[in-house]
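Reader: Could you take me through this structure, one contact at a time? I shall ask as we go.

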There are 2 protein chains.
Amino acid sequence: MTAPSNIFDCSKDETLASLGEQTVLKRLQKFCSQEVIGDDGAAIFWRSPPQPNGINSQDAGDYSGNHSGDYLVVTTDVLVDGVHFSDRTTPAHSVGWRGAAANLSDLAAMGAEPVGLTVGLALPGSTQWRWIEGLYQGLKDCGDSYDAPIIGGDLCRSSVATLSITALGRAGRSHLIQRSALQPGDYLIATGIHGASRAGLELLLNPETGKNLPEIQRKSWIRAHQYPRPRLDWLPLLKMAEREIAGMDSSDGLGDAVVQLARVSGCGVELWGDSLPIPKGLVGWVGLETGREWTLYGGEDFELSMGMPEEVIKELNCNFPISYYVIGRAVMEKGVKLVEKEGGRAIANLSLDQGFQHFS
Amino acid sequence: MTAPSNIFDCSKDETLASLGEQTVLKRLQKFCSQEVIGDDGAAIFWRSPPQPNGINSQDAGDYSGNHSGDYLVVTTDVLVDGVHFSDRTTPAHSVGWRGAAANLSDLAAMGAEPVGLTVGLALPGSTQWRWIEGLYQGLKDCGDSYDAPIIGGDLCRSSVATLSITALGRAGRSHLIQRSALQPGDYLIATGIHGASRAGLELLLNPETGKNLPEIQRKSWIRAHQYPRPRLDWLPLLKMAEREIAGMDSSDGLGDAVVQLARVSGCGVELWGDSLPIPKGLVGWVGLETGREWTLYGGEDFELSMGMPEEVIKELNCNFPISYYVIGRAVMEKGVKLVEKEGGRAIANLSLDQGFQHFS
């Protein structure tokens, strides 16, 4: 039995609050298909149904094993008013955009091209049509940017606005990007800066704190929070790699992503403090300590965190004009350490507990 | 502008409550892919992604047109505590079963074989683990019965328990069953009795009203409410038909389904009062008037309502040992009429407004 840990617990029995979201999700895995490859989403081998004329358009296969055929990739996010969005920080259009972006980011982290989005909506009766319209416009605008049309949904009433967005994608290989593929010696890379979304949230919640910041900086961070961009632009590059790439998206924070990659892969990581992808101007505004914290644990940047060997990085450099940050290196010794610089003094240990967890 | 129509409306602007769920859903269609074939779910043509070696496992195609290839079929339902389920009527296991069954019924109504289910859950922190476990066991038990494993999901906290279930399926043809295919002269058939789920609900809400009913009757109706069975068993039969079949599932009531089939197809229907699929013993318990009402508008029976020409029915009779009810016939003149019997006196007009609508 896990001891009750917060005020939601109002019984002797185990509850969602006493167990925590992660423990419950782990327990629920026993109900899920064991043949599904789960990382940021689920990938299942696409079997064609028997055709009326008895001919299959594709060879039948079983779900298990590593097929080179088509995979249907599925990912679901639930967003709740007051937890994942609010009128103070996110207009309806941004709620829709972020909802779509979060799921498309999971597709990117699975190496899957978008097929479409479905939207399950539960809304209070008092919700204005303009808000619903704005939400859908945001979903559509983000979806349209990444070839992910809205293909279905449902709507009903509830006292709390709740969105459940499912993104569907397809991948030619199941294992294009995998959490467990990190190997000692791999370089850790981040596809962009981290912490800008957290900075934008701060500016939205406490606008006065940013009154001395340049207008362009404020706008850029608020935009990072309200309109994140899933990194589907990396897919063509990753398809070129001959080895499996270790990776996941950094929606729960860069620190969380690196710790998970290391843990699942059974190795460790040294993150280089002088190479963290801290947004320009952030340290000047909030100081180094908070700047690092937001970069590692701010969350919702929707970039990719990946581990890859030197030769893949060289290939990237030669063939693609895309920028990224080399932020550390995988090592044999387990655990994730923040060191001052490559080969430098250890500053801190990173763990999942410190991560940005919505419901702890 | 639609006039405000109920107490939820607390502003001059249009709200979900003032417009109603159906109007809002209709307006939201403009945001959705126009290339998707929408009935009970969405069907989209499955295009293979380019393979790393440059070879596609399937010919590429565009989304439009009537392909004979593979279709991914998607359907989503949102269920809210106090609206779609409650502790009084549905234990956790039944909530899960019903959630899965409702979506699998939509797949059946699209002629699609199940691929899997995803579950987006928002639950109060005080929700007991036992309830969550029961819910998932119910989802899994129903899913396992129809080859639809749970392949993904998300969990977060909210003050109102909300489930968003998405079912994925695949179909070899896009138009196996279509709402708009009803033609004058077609016979209307129902795949089973209707009203048993409503009767079961009554027994759960007001047990004393059923105290004189035989035990076996009570149990059977309660079971119909808590453990409906989607009619995926009809798929092999429908695949044999050479013509498109008009049909949809009757989750919102048999009357609602027939009215929608007639309206979308631009014809009318005469329903035969003496042939309605009223559960045995129901009229004796609640009288003819209420018995008919529950059969036509009780809802949640999750049967299929279909229109088909005489030759398809003959084919069915010859080749398949499956029972069904012939309940009426499509006619040229628009509107749906309940007549005493085939060729008999009209008793009532049926319309969508009278239908079982969760949120009116």
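Reader: How many bridges join strand β8 of chain B to strand β12 of chain B?

Author: Four bridges join β8 (residues 187-190) of chain B to β12 (residues 325-331) of chain B, and the two run antiparallel. Strands are DSSP runs of E with at least two residues, helices are runs of H or I with at least four residues, and both are numbered from the N terminus. Two strands pair if DSSP finds at least two bridges between them.

Reader: Before we continue, what kind of model is this?

Author: This is a predicted model, in which local features need pLDDT of at least 70 and side-chain atom pairs count only at pLDDT 80 or more, while totals for chains, interfaces and linings use all residues. Residues are numbered from 1 along each chain as its sequence is written, and chains are lettered from A and ligands numbered from 1 in the order in which they are written.

Reader: Thank you. Which residue is the bridge partner of B:I189 in β12(B)?

Author: The bridge partner of B:I189 there is B:V326. Strand β12(B) is also joined to strand β10 (residues 268-272) of chain B, by four bridges and in the antiparallel sense. In that pairing B:L271 stands opposite B:G328.

Reader: What is the order of the strands in the open sheet of chain B?

Author: The order is β7-β9-β11-β8-β12-β10-β13-β14 in chain B, eight strands with mixed pairing. At the edges stand β7 (177-178) and β14 (346-350) of chain B; each has a single partner strand, so one side of each is left without a neighbour in the sheet.

Reader: How do β13(B) and β14(B) run, parallel or antiparallel?

Author: Strand β13 (residues 335-339) of chain B and β14(B) run antiparallel, joined by four bridges. Within β14(B), B:A348 is the bridge partner of B:L338.

Reader: Let us turn to the helices. At what angle do α3(B) and α4(B) pack?

Author: Helix α3 (residues 92-109) of chain B and α4(B) pack at about 40°, with their axes 6 Å apart. That makes α3(B) oblique to α4(B). Axes are lines fitted to C-alpha atoms, for helices over the stretch in contact, and angles run from 0 to 180 degrees between N-to-C directions. Angles under 35 degrees count as roughly parallel, over 145 as roughly antiparallel, 65 to 115 as roughly perpendicular and the rest as oblique.

Reader: And which residue classes make up that contact?

Author: The contact of α3(B) with α4(B) has 10 nonpolar, eight polar and one charged residues. Ala, Val, Leu, Ile, Met, Phe, Trp, Tyr, Cys and Pro count as nonpolar, Asp, Glu, Lys and Arg as charged, and the others, Gly among them, as polar.

Reader: How do α5(B) and α6(B) cross?

Author: The axes of α5 (residues 196-205) and α6 (residues 215-226) of chain B come within 7 Å and cross at roughly 105°. These two helices, α5(B) and α6(B), are therefore roughly perpendicular to each other. In α5(B) the contact residues include B:L201 and B:L204, and in α6(B) they include B:W221 and B:I222. Residues are in contact if their C-beta atoms, placed from the backbone, lie within 7 Å. By class, this contact has eight nonpolar, four polar and two charged residues.

Reader: What about α8(B) and α9(B)?

Author: Helix α8 (residues 254-265) and helix α9 (residues 282-297) of chain B pack at about 55°, their axes 4 Å apart. Both α8(B) and α9(B) are therefore oblique to each other. B:L254, B:G255 and B:D256 of α8(B) make the contact with B:T295, B:L296 and B:Y297 of α9(B).

Reader: How many residues of chain B are in contact with chain A?

Author: In chain B, 77 residues are in contact with 78 residues of chain A. The side of chain B that touches chain A has 36 nonpolar, 28 polar and 13 charged residues.

Reader: Finally, which domains does the assignment give for chain A?

Author: It gives domain 1 (32-171) and domain 2 (177-354) of chain A; such bounds come from an automatic or database domain assignment. Their C-alpha centres lie 24 Å apart. Between them, 19 residues of domain 1 of chain A are in contact with 22 residues of domain 2 of chain A. Helix α3 (residues 92-110) of chain A gives the most to the domain 1 side, with 11 residues.

How values were computed. Contact = placed C-beta atoms within 7 Å.
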